[in-house]
Amino acid sequence: MEANAESRRTLSDLSVGELEAWLAESGFKASHAEALLRAYYESGDEAGWGEMLLPRGLVEKLRGEFLVNRPEQVARQVAEDGTTKLLLKLRDGRTVETVMMTDFREDRVAGCVSSQVGCAMGCDFCATTKTGFERNLTTGEIVEQFLALRREAAAVGKNVQTLVFMGMGEPMLNLDNVLEAVRRIAPNELGALGWRQITVSTVGIVPGIEKMMEANLNIHLAVSLHAPDDETRAKLLPMGKRFGVEEILAAADRYQAKTGRPVTIQYCLLKGVNDSPEQARMLAELVGARRMHVNLLWYNPTGLSLKGVAYERAESEAGEAFVAVLRERGVVAHFRRPRGRDIDAACGQLRRRAAGQDVGTTESGAGSERA
Ligand code: SF4
């Protein structure tokens, strides 16, 4: 009997081993599993199976058991610079944002995927958290975002070169599904993106960093620090009260030592909050000797925060002075290139707009980069 659409998993929810088991139980050869999945990952739907010699009835059986169609695009915004933001509908009607960002190379793009619907972290300057946490994404729902990005890129003659988990949600709180998605997206047998092309970002959930280290997947870690001291940080990120700056950086040290991959420190400059030369000196002191890279982000205003604060983007001069202090002290620091300035670039904005909620302004900001 066919499962109804609500209860069906997407095909990308299955690993090769799980599909092998299902095929065997359903009276087909398990050896079809890898080729079926590879073709699905290449086309992003069942289109690739048309080229394959498959046993009679198998495709119908797969269609009856799993979702094999592309997720519906509820909204789509394309910025002048080519940054494309998609709002994808999940099987329960909820929506999730995923973003294709332009690269300095013409032939490639970077993808940004979400790990949860909404977010419970309550970072005070973030639009996503205003709608609260709804649920974790499944492995397949994360993979489907990557496949959607790959199709978007192919449509404009480009390749997805890198993927960051910096969209909606805190990846460390859905880490099993995030890592399982990475295990499907990275290896040549399926997504073929490559392990080193993937970055998982966190607000500093130390046990998550440890668990990701133990998973030993050779992927990058990014830590959203946003302040060099616990007091300022705790005002911006409630999780800052649970894990202090030193504790987070110690975990990042261990990750870096084990993987050999420099950890990226993300720092969103907010006017009058975390953009002073003194805070730049403190940050340099923390990360300089650690050889971590600092990514500075221009804030994209999202209206009044949960605490009623209207955060503003730091002045250009303050930002330039900030990065100068870091560089004088030997820190590798860059501003992330603003992208998608003329669309709802900040995390959670498009989803809020689609739901008829206040999204703040789109006039200036960090593009699709996530805080
Ligand atoms: S910045 Fe990231 S972790 Fe913080 S509330 Fe927004 S989505 Fe969640």
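Trainee: Hi! Where is Glu152 found?

Mentor: In this predicted model, Glu152 sits in helix α4.

Trainee: Is Glu152 buried or exposed?

Mentor: Glu152 is buried, because its relative accessible area of 11% falls under the 20% cut-off.

Trainee: And what does Glu152 touch, leaving out residues up to four places away in sequence?

Mentor: With those left out, Glu152 touches Gln73, Arg76, Thr84, Leu86 and Met100.

Trainee: Okay, on to the nonpolar packing. How many residues are in the largest nonpolar core?

Mentor: There are 103 residues in the largest nonpolar core, and Leu19 and Trp49 have the most contacts inside it. Helix α4, residues 139–155, supplies the largest share of this core, with seven residues.

Trainee: Why does this core lie between domain 1 and domain 2?

Mentor: Because both give residues to this core: domain 1 covers 9–67 and domain 2 covers 73–354.

Trainee: Back to Leu19, then. Which residues does Leu19 touch, not counting those up to four places away in sequence?

Mentor: On that count, the contacts of Leu19 are Leu11, Leu14, Ala33, Leu36, Leu37, Leu62 and Phe66. Another core, of seven residues, lies apart from the largest one, and Val99, Met101, Ala110 and Cys112 are among its members.

Trainee: Nice. Switching to the ligand: which of the 10 residues around it come nearest?

Mentor: Of those 10, the nearest are Cys119, Cys123, Cys126, Gly169 and Val203.

Trainee: How many residues of each class does that shell have?

Mentor: The shell around the ligand has six nonpolar and four polar residues, and no charged ones.

Conventions:
Residues are numbered from 1 along each chain as its sequence is written. This is a predicted model: local features need pLDDT of at least 70, side-chain atom pairs count only at pLDDT 80 or more; totals for chains, interfaces and linings use all residues. Side-chain values use heavy atoms; hydrogens and water are left out. A nonpolar core is a set of buried Ala, Val, Leu, Ile, Met, Phe, Trp, Tyr and Cys residues joined through side-chain atoms within 4.5 Å. Buried means under 20% relative accessible area, exposed over 50%, partly exposed in between (1.4 Å probe, protein chains only). Helices (H or I, at least four residues) and strands (E, at least two) are DSSP runs, numbered from the N terminus. Domain bounds come from an automatic or database domain assignment. Contact means heavy atoms within 4.5 Å. A residue is near a molecule or strand if one of its heavy atoms lies within 4 Å of it. Ala, Val, Leu, Ile, Met, Phe, Trp, Tyr, Cys and Pro count as nonpolar, Asp, Glu, Lys and Arg as charged, and the others, Gly among them, as polar.
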